[in-house]
Amino acid sequence: MTNLFAYTLQNYLNDSYYMLYHHDLPTSHPHPAFSWGHLSRLAQFSHKMRRNDSVTVTFVGGSVSSSYCQNPSVTCWVAPVSDWLREQNPQVQIINNAVGGTTSRTTAECFDAMVGKDADLIFLEYSYNDRFGIDPAQQQQGYELLVRKLLKLPHQPAVIVVHWWGPKHDCLTLVSKEEAEARSPDHSHHQCAMTLWNSTEDRIQNIVQRYGVQSISFRNAYWAEIDAEVDGFLPEQTLMPDLIHPSMRGVKLLGNLVIRFLSDASAYTAKHDHAVKVMTQVMPKPLFIDPALDELSNTCTRGNALQDMKMHTVDWYWVDGKKPGFQTDVPGASLVLMVMLPEDLQVDRLSLGYLASYENMGWAQVECLGACSCPVLKIDANSTARASQEHFATFGVEKQETGDGCVLKVTTLYMSSAVNGGHKFKVSSVAWSSGGSDSATPSVSQHGVKANADLFEADQAMSLGSD
């Protein structure tokens, strides 16, 4: 078996992480297209399908599962899979809760707002979005927390992880073409060859195996054809021009792969129906998260509901569309939000969702006022990952004896890490959690977040200098 080398490149400007895997001879390292896991939940779903019972299928993920689903000229893989499911059972209800620019952490933090409770089968697609600008440890924690929440839903849904794949990982901005070719001389025609083995998928598979859920891998299923540059499997044929989203050809390949999995699973569980259904799937202990965090009760406000939290704004405005939120483009702008916390709140945490992107983004300071206190945070929303995603700044919060609610004040700073010195900042959601212990309060060290005031004096000097 060939050796697997891991390259970790950290951009110290904003703590973005790139986990790059390189294989000297990828085709000599076997990776299955399907991971079958524990079949009891899938058997229950298949049994309902065969009886034409009313069932709900939910899709959760990023733009690969959402961006083009409403465009009849392009569509997305959700469409052919949904059509096939309805052909098998007209009583199938399809709910597409995928949201572009989100990660597994987003859905874990805003679970009730983004995932319905009545699902019998859930497709989970975050392998691509989770690979940009996220600390690997925090990616695993967010993904595991999401899987645990999905498995705890009342209908005990089957969970199928769908791994999309693409060659683009901004490697040309991190290493030269010559270095890329030196790392992979046998595949020098792929300028990003060292990234073809997506480590996020491999990290997710650790969680897939831990919890016995199923998974489908586009990379593993079609790697031989991709590597041999077979006609129909070239990047320009399977991907949109952005080299991220599937083209019509990619949609067909991924959709057919998912349908083949469902068809095989249906045939197997029908043949072994009784034996599989009586198997019990036990929830294992957490692998990457604090057990206390698993017991937290989350409440999240996002989308248009976020506007109801507004108390006061200076130079902020509301943005609709695929990524709604409060936005500003200038330094010194202030946004004040009211978070109504329950009276019996003990030790808890707050999470502020914000847009991390690669153009015009600036810094902001977050303070807790009113009936709660928290560390003063400074957030850098600039990302070199060339992806626009919702990230979270999470911090412990304590309720004070006086005050009617917890007030969050977000103020944009005069400093900027953006190449063009931009100051754009967007707040997309606010979430709070209760029911955990002191040990459940997480670190505030995710993308671009500093839990201290080291930068205050420098920013104050910039502010004075701008007058």
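**View 1. Strands β7 and β9 lie side by side in parallel.** Four bridges connect strand β7 (residues 158-163) with strand β9 (residues 214-217), and the two pair in the parallel sense. This is a predicted model, in which local features need pLDDT of at least 70, side-chain atom pairs count only at pLDDT 80 or more, and totals for chains, interfaces and linings use all residues. Residues are numbered from 1 along each chain as its sequence is written, and side-chain values use heavy atoms, with hydrogens and water left out. Strands (E, at least two residues) and helices (H or I, at least four) are DSSP runs numbered from the N terminus, and two strands pair if DSSP finds at least two bridges between them. To find your way along this pair, look for V161, whose bridge partner in β9 is S215, and for V162, which stands opposite I216.

**View 2. Helix α10 packs on the sheet.** Helix α10 (residues 248-271) touches β3, β6, β7 and β9; here contact means heavy atoms within 4.5 Å. The direction of α10 makes about 145° with that of β9. Axes are lines fitted to C-alpha atoms, for helices over the stretch in contact, and the angles run from 0 to 180 degrees between N-to-C directions.

**View 3. Strand β9 also meets β3, and its side chains point two ways.** On this side the strands run antiparallel, with two bridges joining β3 to β9. F34 has I216 of β9 as its bridge partner. In a regular strand the side chains alternate between the two faces of the sheet.

View 4. Step back and you can trace the order β3-β9-β7-β6-β4-β5 in an open sheet with mixed pairing. Its edge strands, β3 (34-35) and β5 (92-96), each pair on one side only. Helix α2 (residues 78-88) lies across β4 (55-61), β5 and β6 (121-125), running at about 165° to β5.

View 5. The structure holds three disulfides, each a pair of cysteine sulfur atoms within 2.5 Å. In this one, C110 is joined to C300 with an S to S distance of 1.9 Å. The torsion about the S-S bond is about 55°, so the disulfide is right-handed. C110 sits in the loop between α3 (104-109) and α4 (111-114), while C300 is in strand β10 (residues 297-302), 190 residues apart. C110 is buried at 0% relative accessible area, and C300 counts as buried at 17%.

**View 6. C372 and C406 tie two strands together.** The sulfur atoms of this disulfide are 1.8 Å apart, and the torsion about the S-S bond is about 60°, so the link is right-handed. C372 lies in strand β17 (residues 372-373) and C406 in strand β20 (residues 406-412), so the pair ties together parts that are 34 residues apart in sequence. Relative accessibility is 3% for C372, which counts as buried, and 1% for C406, also buried.

**View 7. C368 and C374 are joined by a disulfide.** Here the S to S distance is 2.0 Å. With a torsion of about 100° about the S-S bond, the disulfide is right-handed. C368 is buried at 11% relative accessible area, and C374 counts as buried at 18%.

Conventions:
Buried means under 20% relative accessible area, exposed over 50%, partly exposed in between (1.4 Å probe, protein chains only).
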